[in-house]
Amino acid sequence: MFGVSTLVVKIIGSIGSVSAGLDLGKEGPLVHIGACFASLLGQGGSENYRLRWKWLRYFKNDRDRRDLITCGASSGVCAAFRSPVGGVLFALEEVATWWRSALLWRTFFSTAVVVVVLRGFIEYCNSGRCGLFGRGGLILFDVSDVTVTYHVNDLLPVALVGVLGGLLGSLYNHVLHRVLRLYSLINERGRMAKLLLSLAVSLFTSVCLYCLPFLAPCTPCDPSSETICPTPEGSGNFKQFNCPDGYYNDLASLLYATNDDAVRNIFSTSTPNEFRSISLLIFFALYCVLGLVTFGIAVPSGLFLPIILMGSAYGRLLALALRSFIHIDQGLYAVLGAAALMAGSMRMTVSLCVIFLELTNNLLLLPITMFVLLIAKTVGDSFNPSIYEIILELKGLPFLEASPEPWMRNLTVGELAAAKPRIVSLRGIERVARVVDVLKHTSHNGFPVVDQGAPPSPTGTTELHGLVLRAHLVAVLSKKWFLKERRRTAEWEVRAAFTSVDLAEKGQQVERVKLTEEEMDMYVDLHPFTNTTPYTVVESMSVAKAVVLFRQVGLRHLLVIPKYQGAGISPVVGILTRQDLRAHNILGAFPHLADKRGEEGRSNKGEVGKSAESCVGRK
């Protein structure tokens, strides 16, 4: 996900796709690019391409790598929208599953550096030496020239914008989910299928962008306007296209501009008669279709800007339909429509509100923007999950939700562990052949280490010593740190053979380790490499509690121990990972819970209370 090849393809592909005029944004790729840079720094470079930096060894641990990737993602949002605070809140709301105060100031520092660098380049490019880069300064869609005044009768139209945003956003998610399923079947056919699909979408986009402006009537230029009309070249609000002198084609003004300029045109204030309803309706319908067919092809693409374009068009359409009842400028209704559709699709609130505030530079819009976002999110949540959750589910990525499903309270971690294959454990002092066999025939990342009980314990009892990681086992085999007899090693022996950098190496494979038969008969002491204080839960704990613990502490493994200890009882019942705690995977192992899931969704509070009482009675 974060390799050098992925980074290069994202950069080149994003530049090509955005400049080609496809209906996609650069925001999503920029988030991924920032995360790729951060990941490479966190692991000291790329070993595959022999790009290694020894001075970055300090960051070679899982916690710092996660923090760096979070900072990279927030920097990508900041670079895309020139929104430093919005980038920090985006990382808090959407990226990080475990937040703490240190991560807050780190992401804030990262976005501050991004803004300073952006500002420097924008100042340098003011003379036009950098093409379109830097247009608009740090405020991309400035609407601060309008004084916003509210009336009581404005609340109903604004609420309508939020309700429609939630409905359209949830409908967009539903249709996009079906399209992505279809595209996944096409993309599985190979590279040629991916290429042909991308070419077909590109050709369809070009035909639509060229032909549809002929449907829009010509509009006479306003002689009182100070802006040149029609616009001679480049981007502008007044494209002549097929119209005679003194007239402009408003639909061509939107379609024959960059995506950023198209948003500026629709957001433009004090222009009540600049765009016709039919042109805005065609633009909205076209970008709905293009947004659905473009996202998912083999091209780096983002969802932010297409949804902003669709939302701004429907917001301005609604303002035109209600022009006799509203007192807010039509351009500001376009801003509210864009915010509502994004909240209805992506279900973000706080970060989205701040991003729009920094995009438009109009603090007076803050109250009604918050109002619209909350309504749109509430309406959208009642139909389906956010578009991010849908894509994560399609890709099979093990992302845990913030809150567990209600039916998870009826299942214990012991029952969940029993549904898995039998646990593979190692002894504290193990034969090399046994370690190699376990690594080659399993794909597990962690293994419990079990020892014989101390002398006071009854004969035949075993105790849990801790958890050893796969990477550490491969490091021990690579160093060939073996013993000829079964004994425990001293601390100084381990420190002389290994450093923290050796144990932090990732990606080593056991197949590359060459061992002789004599070495396979030797022993290895796993005690020095074992985490003796892993997180453990009793087998009677509910899965709902385990999910909360797993997410809040940021775990990778959770050991399940028996409720009672004794001779002949294994000290470890099982081990749970992130994949095991996903709702989809649990329902695959316990299909009967799917019926309870539907029953709980239809039941009222009283029925839920009775169900909980009966569950306690059964326990």
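Residues are numbered from 1 along each chain as its sequence is written. In this predicted model, local features need pLDDT of at least 70, side-chain atom pairs count only at pLDDT 80 or more, totals for chains, interfaces and linings use all residues, and side-chain values use heavy atoms, with hydrogens and water left out.

**Exercise 1. State how many salt bridges the structure holds, and describe the one between E27 and K26.**

Step 1. Take the total. The structure holds 16 salt bridges.
Step 2. Look at the pair. The side chains of K26 and E27 meet at 3.9 Å, N to O.
Step 3. Check accessibility. Buried means under 20% relative accessible area, exposed over 50%, and partly exposed in between (1.4 Å probe, protein chains only). E27 is buried at 3%. K26 is partly exposed at 25%.

**Exercise 2. Find what the salt bridge between D381 and R347 ties together.**

Step 1. Get the distance. The side chains of D381 and R347 form a salt bridge of 3.3 Å, N to O.
Step 2. Helices are DSSP runs (H or I, at least four residues), numbered from the N terminus. D381 lies in helix α14 (residues 366-381), and R347 in the loop between α12 (330-346) and α13 (350-360), so the pair ties together parts that are 34 residues apart in sequence.
Step 3. D381 is partly exposed, with a relative accessible area of 42%. R347 is buried, with 5%.

**Exercise 3. Describe how helices α2 and α3 pack.**

Step 1. Take the geometry. Axes are lines fitted to C-alpha atoms, for helices over the stretch in contact, and angles run from 0 to 180 degrees between N-to-C directions. Helix α2 (residues 27-42) and helix α3 (residues 62-81) pack at about 145 degrees, with their axes 7 Å apart.
Step 2. List contacts, meaning heavy atoms within 4.5 Å. Among them are E27, L30 and V31 of α2 and R65, L68 and I69 of α3.

Note on methods. Salt bridge = Lys/Arg side-chain N within 4 Å of Asp/Glu carboxyl O. Helix = DSSP H or I, 4+ residues; strand = E, 2+ residues; numbered from the N terminus.
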